[in-house]
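I opened the notebook to keep a record of what I looked up in this structure. The entries follow the order in which I went through the elements.

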Amino acid sequence: MFAALAMLAVLPAQGTNLAVADAVITGESNAPTLSAYGFFLGSPDRPSPLLIPYTLATPLFSDYAEKRRYIYVPQGSRMHANADGLIEFPVGTALIKSFGYPQADGSYRTIETRLLLRRASGWVALPYIWRPDGSDADLRVAGARQMVDFADSAGNRYSISYAVPNRNQCKTCHELSGAVTPIGPKLRNMELAAPARALVTGADWTLASMPRWDDAGTGSLDARARAYLDVNCAHCHNPRGSASNSGLFLEYERPPSMTTGLFKRPVAAGRGSGGHDYAIAPGHPEHSILAYRMGSTDPGIAMPELGRAVVHREGLRLIDEWIAAMPAGTPPASEARP
């Protein structure tokens with residue numbers, strides 16, 4: 001269904017009467033209900049035609065939730081792609097992401113919609129939870145939990161306590177150098193319908209982009225594994241992120257080295273290591289901390305720390321295959337045990 005929506009990308013039209021409340025986006029107070037913004041026309045399945053749908057080649061795993069992503073920019077405004085391929089958004093932008101699951105009876109349940117609002121003072125992250133009748137969603141800055149039943153693509157059924165993050169948890173993933181920053185819409189990972197691309201200045205859409213993590217036809221095993229780690233881990237594991245003190249950096253463009261995990265010892269001892277020596281022990285996923293933590297749901301061990309209550313089986317399989325394919329070799333002398 002969302003793929004169909006993406007094909008129907010509609011540019012903001014001058015003179016339309018379908019109003020989005022620009023003053024609510026840029027105001028310093030936070031609207032108590034999602035309807036105050038005008039992003040949806042009475043239900044989560046009816047986005048305003050002023051929103052720009054987009055998808056990601058490799059998305060962040062969030063307990064198998066389906067996500068529907070939109071951008072709103074004020075009429076007459078443009079986005080700009082900088083030299084690093086990151087998109088700079090004008091004041092008044094809203095990044096809108098709804099989370100939900102197909103239900104056993106064929107219906108679809110939207111649980112929450114998260115907003116990133118670009119105000120003059122910076123970005124603000126706000127979570128809204130949809131009411132059971134889908135008529136509106138209410139702001140929950142303290143987050144919430146809801147029981148959710150769903151099945152993955154292999155038919156495995158789950159019943160989880162789904163976590164809607166609180167504002168501080170939103171900041172944990174979105175914070176770069178102390179400021180809230182969008183982490184999803186990067187040119188190299190973004191799939192935007194052709195008409196909407198005209199709203200992005202400075203973008204070279206012909207440059208190679210990251211592969212789809214689950215499509216071998218789009219890239220090598222190495223490239224797909226690094227794309228997966230970039231999207232799922234690098235928003236914290238980068239020199240300016242909340243996990244910068246780990247010394248483990250997983251951006252897609254970073255060349256393989258000890259800082260990307262090869263024979264890298266953890267900075268602190270603890271059960272999070274599972275008794276293993278290295279973040280990545282080349283040739284041996286069964287001895288690698290990275291795979292061990294991805295395969296756990298223990299809150300004191302699991303990585304990522306937020307947004308995951310179940311193991312992403314397919315993602316873990318990819319990382320296991322990637323590490324197993326690395327030449328085993330030996331650690332540098334500085335990292336070898338005495």
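What covers the buried residues of α3? I worked from a predicted model, in which local features need pLDDT of at least 70 and side-chain atom pairs count only at pLDDT 80 or more, while totals for chains, interfaces and linings use all residues. Residues are numbered from 1 along each chain as its sequence is written, and side-chain values use heavy atoms, with hydrogens and water left out.

**Entry on helix α3.** I took helices (H or I, at least four residues) and strands (E, at least two) as DSSP runs numbered from the N terminus. I took buried as under 20% relative accessible area, exposed as over 50% and partly exposed as in between, with a 1.4 Å probe and protein chains only. In α3, residues 167-174, I found Cys170, Cys173 and His174 to be the buried residues. They cover an arc of only 90° around the axis (taken from the directions from the helix axis to the C-beta atoms), which puts them on the same side of α3. The cover over them includes β6 (108-119), β7 (122-130), β11 (175-176) and β12 (179-180), where contact means heavy atoms within 4.5 Å.

**Entry on strand β5.** I noted that β5, residues 94-102, is mostly covered, with seven of its nine residues buried. Two strands pair if DSSP finds at least two bridges between them. Strand β2 (residues 66-72) runs antiparallel to β5 and is joined to it by seven bridges, and Arg69 stands opposite Lys97 of β5. With β6, strand β5 pairs in the antiparallel sense over nine bridges, and Ala94 has Leu117 in β6 as its bridge partner. I also recorded that β5 and β6 form a hairpin with five residues between them, and that Gly106 in the turn has a positive phi of about 95°.

**Entry on the nonpolar core.** A nonpolar core is a set of buried Ala, Val, Leu, Ile, Met, Phe, Trp, Tyr and Cys residues joined through side-chain atoms within 4.5 Å. The largest one here has 34 residues, and Tyr101, Ile160, Tyr162, Tyr228, Leu229, Ile319 and Trp322 are those with the most contacts inside it. At least two residues of this core come from each of β5, β9 (144-151), β10 (157-164), α5, α6 (289-294) and α7 (313-324). Its largest share, five residues, is supplied by α7.

**Entry on Arg224.** Arg224 lies in helix α5, residues 221-233. I counted Lys and Arg as positive and Asp and Glu as negative, leaving out His and the chain ends, and a salt bridge as a side-chain nitrogen of Lys or Arg within 4 Å of a carboxyl oxygen of Asp or Glu. Arg224 is buried yet has no salt bridge, and the nearest side chain of opposite charge, Glu321, is 5.8 Å away. Setting aside neighbours within four places in sequence, I found Arg224 in contact with residues including Trp213, Asp215 and Leu318.

**Entry on Ala57.** I placed Ala57 in the loop between β1 (52-56) and β2. Ala57 is buried, with a relative accessible area of 7%. Apart from neighbours within four places in sequence, its contacts are Asn189, Glu191, Met210, Pro211 and Arg212. Between the C-alpha atoms of Ala57 and Asn189 I noted a separation of 5.4 Å, although the two are 132 residues apart along the chain.
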